[in-house]
Amino acid sequence: RKRLQDQVRHLAFIDSLTGLPNRRLLEDRLPQAFSASRRSGSHGAVLFIDLDNFKPLNDVHGHAAGDQLLIEVANRLRTCVRDHDTVARVGGDEFVVVLDELGTSRTMAIQNARQSAEKIRARLAESYKLEIAQKPAAPCPIRHRCTASIGVALFAGTEVHPDDELKAPEAAMYKAKARKRDSVQFAEAVA
């Protein structure tokens with residue numbers, strides 16, 4: 001019975017493809033991050049990440065190739081953040097990273113958030129080696145380049161309505177896509 005309950009919880013809160021937290025678990029963790037920020041006086045950031053060159057891979061090589069790419073993106077994101085930060089897949093080719101404890105100074109937090117976002121952007125832009133199944137032949141390796149547009153919103157423990165938590169970083173991500181893909185855009189003007 002306990003094992004069944006654990007399986008149900010896992011299915012409810014974890015993305016089955018990537019093993020990352022899903023939107024539901026992210027929506028639970030965001031208020032916790034805001035509360036921790038309020039208690040510590042340290043800033044945090046929410047990064048909304050959308051892959052720039054995902055659809056052509058699916059169109060040309062099929063969904064299995066797209067799934068491989070999403071798994072590799074999840075693995076790369078995990079290596080770019082600290083253990084206590086949150087990485088989630090919120091749908092399709094969209095991911096969210098919640099960075100905690102970026103510093104009590106807003107200037108320091110901006111610098112740390114920018115550094116983390118650029119590290120993620122650069123890591124995701126590296127070439128991907130994917131194995132494409134071809135029947136009846138052996139899998140065929142392909143190289144794929146995929147960049148990311150990243151929107152960043154800082155927080156400092158402010159109260160945010162649950163429906164608004166992702167709006168600012170998502171809007172910033174769309175600005176990054178509109179201006180120049182493969183870029184980082186903050187939700188508000190920062191130095």
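Author: Let's start with a term: when two helices cross, the crossing is left-handed if the near helix is turned anticlockwise from the far one by less than a right angle, and right-handed if the turn is clockwise. Keep in mind that the model here is predicted.

Reader: Which hand does the crossing of H4 and H5 have?

Author: The H4 and H5 crossing comes out as right-handed. Two numbers describe how a pair of packed helices sits: the angle between the axes and the distance between them. Here helix H4, residues 63-80, and helix H5, residues 106-125, pack at about 145°, and their axes are 10 Å apart.

Reader: How do you know that H4 and H5 meet, and through which residues?

Author: A contact needs heavy atoms within 4.5 Å. On the H4 side, Val73, Arg76, Leu77, Thr79 and Cys80 take part, and they meet Lys119, Ile120, Arg123 and Leu124 of H5. Sorted by kind, the residues of this contact are 5 nonpolar, 1 polar and 3 charged.

Reader: Cys80 is in that list. What makes Cys80 a buried residue?

Author: Buried means under 20% relative accessible area. Cys80 has 9%, so it counts as buried. Cys146 goes the same way: its value is 1%, so buried is the word there too.

Reader: How many disulfides does the count give?

Author: A disulfide is a covalent bond between the sulfur atoms of two cysteines. To be counted, a pair of cysteine sulfur atoms has to lie within 2.5 Å. By that rule the count is 0.

Reader: Let's move to the strands. Why is Ala88 called buried?

Author: Its relative accessibility is 0%, which is under the 20% cut-off, so Ala88 is buried. You'll find Ala88 in strand E2, residues 86-91.

Reader: What does Ala88 touch, leaving out residues up to four places away in sequence?

Author: Ala88 touches Leu20, Pro21, Asn22, Leu26, Glu94, Phe95 and Val96. Take Pro21: along the chain it is 67 residues from Ala88, yet the two C-alpha atoms are 4.7 Å apart.

Reader: And Ile150, what makes that one buried?

Author: Same test: Ile150 has a relative accessible area of 0%, and under 20% means buried. Ile150 lies in strand E6, residues 148-155. Its contacts include Leu47, Phe48, Ile49, Ala117, Ile120 and Val184.

Reader: Where is Val184, and is it buried or exposed?

Author: Val184 is in strand E7. At 18% relative accessibility it is still under 20%, so it counts as buried. Val184 touches Ala117, Glu118, Arg121, Ile150 and Val152. Glu118 is 66 residues from Val184 along the chain, and their C-alpha atoms are separated by 7.0 Å.

Reader: How many aromatic pairs does the search of the whole structure find?

Author: It finds 1 aromatic pair. The partners are Phe34 and Phe155, with ring centres 4.5 Å apart.

Reader: What makes the phi of Glu101 worth a mention?

Author: Most residues other than glycine have a negative phi. Glu101 is not a glycine, and its phi is positive, near 50°. Glu101 sits in the loop between strand E3 and H5. Exposed means over 50%, and Glu101 has 55% relative accessibility, so it counts as exposed.

Notes:
Residues are numbered from 1 along each chain as its sequence is written. This is a predicted model: local features need pLDDT of at least 70, side-chain atom pairs count only at pLDDT 80 or more; totals for chains, interfaces and linings use all residues. Side-chain values use heavy atoms; hydrogens and water are left out. Helices (H or I, at least four residues) and strands (E, at least two) are DSSP runs, numbered from the N terminus. Buried means under 20% relative accessible area, exposed over 50%, partly exposed in between (1.4 Å probe, protein chains only). Axes are lines fitted to C-alpha atoms, for helices over the stretch in contact, and angles run from 0 to 180 degrees between N-to-C directions. Ala, Val, Leu, Ile, Met, Phe, Trp, Tyr, Cys and Pro count as nonpolar, Asp, Glu, Lys and Arg as charged, and the others, Gly among them, as polar. Rings of Phe, Tyr and Trp (its six-membered ring) pair if their centres lie within 6.5 Å; planes under 30 degrees apart count as stacked, over 60 as edge-to-face and the rest as tilted.
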